[in-house]
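Please keep the sequence and the structure in view while reading.

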Amino acid sequence: MTQTPGRAPAAPETVVVPDTTGPASTDVAPGTVVGLDIGGSKTRGLLIRDGTVVHEQQAGSANTQSVSGETAVASLRDLFAAFGDPRPDLVIAGSGGIDTAEDAQRLRDLIAPHTPGAEVIVVHDTRLTLAAGRTSTGVAVIAGTGSVAWGRNDAGRTARAGGWGYLLGDEGSGYWLTREAARATLHRFNLDQPVSPLGAGLLAACGLTDPEQLIAHFHFGTDRRYWAARSPVVYAAADDGDADALRIIRVGAEHLAGLATQVADQLDVAGPIVLGSGIGMHQPRTQRAFTALLAERGHPHVRVLDREPVYGVLQLLADRANGIVLETYTEP
């Protein structure tokens, strides 16, 4: 959507979705439902009986693009064991890395041993994020370990931007922020400049003493989750006025806004734009920059989640009852 020439951009509207920490309910989900949000760092689960959330649990990641198959199996085993013997009628699982029917089937196969006889619906985790914003249409932006945008319009058309993984993209994500911090620190080292507050914070977070040690540390024995977990050092340095940190956060927000704008314009939706995951939910500097950039581009309605995306399962159950198809990946 383009801005009308000569018209000032609409004032940004940042809406924080109310927290739902206690039981949540819906009248459209009889029986027992398990909802899963399978991220790159952890798996969250809800147990829903007759439309009411009765139990919430967390385990390690079960995303096989982030962890080994053995680890994924163990994480799901731990999660379902914590639920006791739920015997669900339906499982709705959102996960990153669900790009093909084969991806969806692999996840169903991992879940099936814990849910004999249950229907298992698999969606991309961006759909959970959008639903957690209490909407069926609009654009969801995930800014966590990785980054991706996905949207749906009133006609049922969907579109996606990014979500290609850290080797091909993930700009604006936690991993990307810390990688850029490492690059900035090494650049200063090559110029014989003193270590900046950003560099000092990154070295301390990694247990290192010299910028040059970052090279081997980055390439050997660490993974993207390790680096994403250290992204708060960028925000701490920005609070100290570090120029590199401020630049990295600004550029990261520009990347995220670009993903959102691409999807919104492709689908011709004004919003809402729902911003979620670790960076999106917990870093005000990114939230403010993202919101301002989208307002400039004609998309002023931004919602920042303050409840876990797994609660989007409740909206998906309502969508399903209203005839909206959830799963676009069919068994190959």
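## An enclosed helix

Helix 3 is largely enclosed by the rest of the structure, because 8 of its 8 residues are buried. The structure discussed here is a predicted model. The buried residues of helix 3 are Asp-125, Thr-126, Arg-127, Leu-128, Thr-129, Leu-130, Ala-131 and Ala-132. After helix 3 comes Arg-134, which has a positive phi, near 60 degrees.

## The chain as a whole

The chain contains 12 helices and 11 strands. It has 332 residues, of which 54% count as buried. Among contacts with a separation of 6 or more, 71% are made by residues 24 or more positions apart.

## The cavity

Rolling a probe the size of a water molecule over the atoms shows where empty space is left. In this model, there is 1 cavity of 30 Å³ or more. The largest cavity holds about 50 Å³ of space.

Which elements each supply at least two residues of the lining of the largest cavity? They are helix 3, strand 8 (147-152) and helix 12 (312-321). Helix 3 provides the largest share, with 3 residues. The residues that line the largest cavity include Arg-127, Leu-130 and Ala-131, as well as Trp-150, Arg-152, Leu-316 and Asp-319. By type, the lining of this cavity comprises 5 nonpolar, 2 polar and 3 charged residues.

## The largest pocket

The largest pocket contains about 950 Å³ of space. It is lined by 42 residues, and those closest to its centre are Gly-40, Gly-144, Thr-145, Gly-146 and Ser-277. Two or more lining residues come from each of strand 2 (32-38), strand 3 (42-49), helix 3, strand 8, helix 7 (224-228) and helix 10 (277-282). Helix 10 makes the largest contribution to the lining of this pocket, with 5 residues.

How many of the residues in the lining of the largest pocket are nonpolar, polar and charged? The lining divides into 11 nonpolar, 21 polar and 10 charged residues.

In soluble globular proteins, nonpolar side chains tend to be buried together. The largest nonpolar core of this model has 48 residues, and Val-141, Val-234, Ile-273 and Phe-290 have the most contacts inside it. Helix 9 (residues 243-267) gives the largest share of this core, 11 residues. A second, separate core has 21 residues, among them Val-67, Phe-83, Ile-111 and Val-122.

Val-141 illustrates how parts of the chain meet. Leaving out residues up to four places away in sequence, Val-141 touches Thr-129, Val-148, Ala-149, Leu-256, Ala-260, Ile-273, Val-274, Leu-275, Gly-276 and Phe-290. One of these partners, Thr-129, is a buried residue of helix 3.

## A buried threonine

Thr-178 is part of helix 4 (residues 174-190). Is this residue, Thr-178, buried or exposed? Its relative accessibility is 0%, so Thr-178 counts as buried.

A polar atom of the Thr-178 side chain lies 3.1 Å from the backbone oxygen of Gly-174. Apart from neighbours within four places in sequence, Thr-178 is in contact with Leu-202, Trp-227, Ala-228, Arg-230 and Ser-231.

How values were computed
Residues are numbered from 1 along each chain as its sequence is written. This is a predicted model: local features need pLDDT of at least 70, side-chain atom pairs count only at pLDDT 80 or more; totals for chains, interfaces and linings use all residues. Side-chain values use heavy atoms; hydrogens and water are left out. On a 1 Å grid over the protein atoms alone, a cavity is a set of points where a 1.4 Å probe fits but cannot get out, and a pocket is an open set with protein on both sides within 12 Å along at least five of seven lines; lining residues have an atom within 4 Å of a point. Grid points are joined across faces, edges and corners, and a volume is the space filled by probe spheres set on the points. Helices (H or I, at least four residues) and strands (E, at least two) are DSSP runs, numbered from the N terminus. Ala, Val, Leu, Ile, Met, Phe, Trp, Tyr, Cys and Pro count as nonpolar, Asp, Glu, Lys and Arg as charged, and the others, Gly among them, as polar. A nonpolar core is a set of buried Ala, Val, Leu, Ile, Met, Phe, Trp, Tyr and Cys residues joined through side-chain atoms within 4.5 Å. Buried means under 20% relative accessible area, exposed over 50%, partly exposed in between (1.4 Å probe, protein chains only). Contact means heavy atoms within 4.5 Å. A polar contact is a pair of N or O atoms within 3.5 Å; within protein, one must be able to donate a hydrogen and the other to accept it, and residues adjacent in sequence count only if both atoms are side-chain atoms.
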